[in-house]
Amino acid sequence: MKYIVFIVLFLINSISLLAQERRDLGAHEHGVSHLNIAFEGNRIVMELDSPGADIVGFEYHATSDEDRMAIEKAIEALSHPLNLFLLPEAADCSVVHAHASFVEDMHEEHDEHEEHEEHEEHEEHEEHEEHAEHEEHEEHEEHAEHEEHEEHEEHETAHTEFHAEYEMNCTNPSGLTRIDFAYFSLFPNARELEVQVVSGKGAQAFEIERDEPVLDLKDRI
């Protein structure tokens, strides 16, 4: 289903603002998600990126059944765009394609783990010079501390996000006068959506916030 992404990128390729604001996975801002919307004839294409903390309330690597269940439920919710982004009935829109996924990036954790190992080796070398027996005792303690530190780092350095792609068809596109964002009701940790809109009238940027979850489309598409 990669053609959905291709369509979005093709339609918004000319938007320098979007290129500047797109962020790497580890650099996102909690509470702020990004939504790209392209209107083309009867078709609407959307691409959503949301930090894990916004959707499930955490960004660490899921290890418990409870965490994994939360992710599964979130993916299911994100797979129904017309429950997230409410379009006027007059537009008569239906979903052609919807796909949501959970993405993890553990690269930063790996880097910090390597730095921790280098630091540990340096300390072990100094301890060896002082006393071999003391070193063996300290290594045992450091190993236990390292395991605890590593587990803590996994929670601190893992970066996760949800990515979703949608395509919808509207038999009466002139009825697309607004979007109501039920997204905020479904995900209480989400505070803001940075929205990029592309249509026959060009590219536009909007900030949709929790306390005013509506995008007026009149005379804008």
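**Exercise 1.** Which side chain meets that of Asp-65 in a salt bridge, and what is the N to O distance?

*Solution.* Keep in mind that you are working with a predicted model.
- Step 1: Side chains of opposite charge can pair when their charged atoms come close.
- Step 2: The partner of Asp-65 is Arg-68, with 2.9 Å from N to O. The cut-off for a salt bridge is 4 Å, so the pair qualifies.
- Step 3: Now place the two along the chain. Asp-65 and Arg-68 both belong to helix α4, which spans residues 65-78, and because they sit 3 residues apart, about one helical turn separates them.
- Step 4: Finally, look at the surface. Asp-65 is exposed, its relative accessible area being 60%, while Arg-68 is partly exposed at 37%.

**Exercise 2.** Find which residues are linked with Glu-40 in a network of salt bridges.

*Solution.* Let's build it up from one pair.
- Step 1: Glu-40 and Arg-43 meet through their side chains in a salt bridge of 2.5 Å, N to O.
- Step 2: Glu-167 joins them, giving a network of Glu-40, Arg-43 and Glu-167.
- Step 3: Check the accessibility of the starting pair. Glu-40 has a relative accessible area of 37% and is partly exposed; Arg-43, with 27%, is also partly exposed.

**Exercise 3.** Work out how many salt bridges the model holds, then describe the one formed by Asp-180.

*Solution.* 
- Step 1: The count comes to 4 salt bridges.
- Step 2: Asp-180 pairs with Arg-178, and their closest N and O atoms are 2.7 Å apart.
- Step 3: Asp-180 is partly exposed at 23% relative accessible area. Buried residues fall under 20%, so Asp-180 does not count as buried. Arg-178 is partly exposed too, with 36%.

**Exercise 4.** Decide whether Ala-38 is buried or exposed, and locate it in the fold.

*Solution.* 
- Step 1: Ala-38 is found in strand β1, residues 32-40.
- Step 2: Its relative accessibility is 2%, so Ala-38 is buried.
- Step 3: Look across the sequence as well: Gln-196 is 158 residues from Ala-38 along the chain, yet their C-alpha atoms are separated by 8.3 Å.

Methods:
Residues numbered from 1 in each chain as written. Predicted model: local features only at pLDDT ≥ 70, side-chain atom pairs only at ≥ 80, totals over all residues. Heavy atoms only, no water. Helix = DSSP H or I, 4+ residues; strand = E, 2+ residues; numbered from the N terminus. Buried < 20%, exposed > 50% of the residue type's maximum accessible area, 1.4 Å probe, protein only.
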